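Work through the exercises below with the structure in view. Try each task before reading its solution.

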Amino acid sequence: MLRPLSLALCLLPAPLLADEIEEALTAALEAYQAGDTTFALEELDFARVKLQELKADALFGFLPPAPAGWRQELDTEVGATMGMMGGGAGAAASYYPEGGGSAVTITLMADNPMVAGMAAMVANAGAMGASIERVNRQQFAVQDDQMIAMVANRVLVQAEGGGPDVLMPFLEAMDFRALASWGL
């Protein structure tokens, strides 16, 4: 027998029904209440993975658009790489000049043990022989064809594939203030 709430839910159009994260959380609660902790944990793990995916997808929005004369290719495999490095979220894109030439790659990695370990190194880059540049109030360590910054001590921004003259237009198009509050 259908209860009134169940019947009402059946009559709602599909977009108004719970998404897969809500469904997993509801299933986890129901399993917990029924004493099935194994299934409850499986559903919580599923919901956690899906939430991480949402968070990582949002990180892609901070990558700069391709400047005139360049094309952008997003790296959709970066999430799997983050899993192998202890978790967190990542986003990356490569930019190719339309007339040929060297590519530029920008990688964002966040909330990861490796990133946390690199914070001190990036902060002391000048003492390690790297030059320092400011881009939109964000400090970058510059060495050879690579520029690295730590945003809000949790998001590593790495740009490579050209010297500062090539990388600067890409980095100048990024909103580091918004990136600092991403996912909070």
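Predicted model: local features only at pLDDT ≥ 70, side-chain atom pairs only at ≥ 80, totals over all residues.

Residues are numbered from 1 along each chain as its sequence is written, and side-chain values use heavy atoms, with hydrogens and water left out.

**Exercise 1.** State the mean pLDDT of the protein.

Solution. pLDDT is the predictor's confidence in each residue, from 0 to 100. Its mean for the protein is 82, and 77% of the residues reach 70 or more. Over residues 1–17 the pLDDT is below 50.

**Exercise 2.** Give the strand order of the sheet and find the edge strands.

Solution. Strands (E, at least two residues) and helices (H or I, at least four) are DSSP runs numbered from the N terminus. Two strands pair if DSSP finds at least two bridges between them. Seven strands form an open, antiparallel sheet in the order 1-2-3-7-6-5-4. Strand 1 (70–74) and strand 4 (131–135) each have a single partner strand, so one side of each has no neighbour in the sheet. Strand 4 is joined to strand 5 (residues 138–143) by five bridges; Glu133, for example, has Phe140 as its bridge partner.

**Exercise 3.** Which residues of the largest nonpolar core touch the most other members?

Solution. A nonpolar core is a set of buried Ala, Val, Leu, Ile, Met, Phe, Trp, Tyr and Cys residues joined through side-chain atoms within 4.5 Å. Buried means under 20% relative accessible area, exposed over 50%, and partly exposed in between (1.4 Å probe, protein chains only). The largest core has 30 residues, and Val157, Leu171, Phe176 and Leu179 touch the most other members. A second, separate core of six residues includes Met109 and Met150.

**Exercise 4.** Are Arg137 and Asn153 buried or exposed?

Solution. Arg137 lies in the loop between strand 4 and strand 5 and is exposed, with a relative accessible area of 66%. Its phi is near 70°, a positive value in a residue other than glycine. Asn153 lies in the loop between strand 6 and strand 7. At 61% relative accessibility, Asn153 is exposed, and its phi is positive, about 55°, although Asn153 is not a glycine.

Key. Contact = heavy atoms within 4.5 Å.
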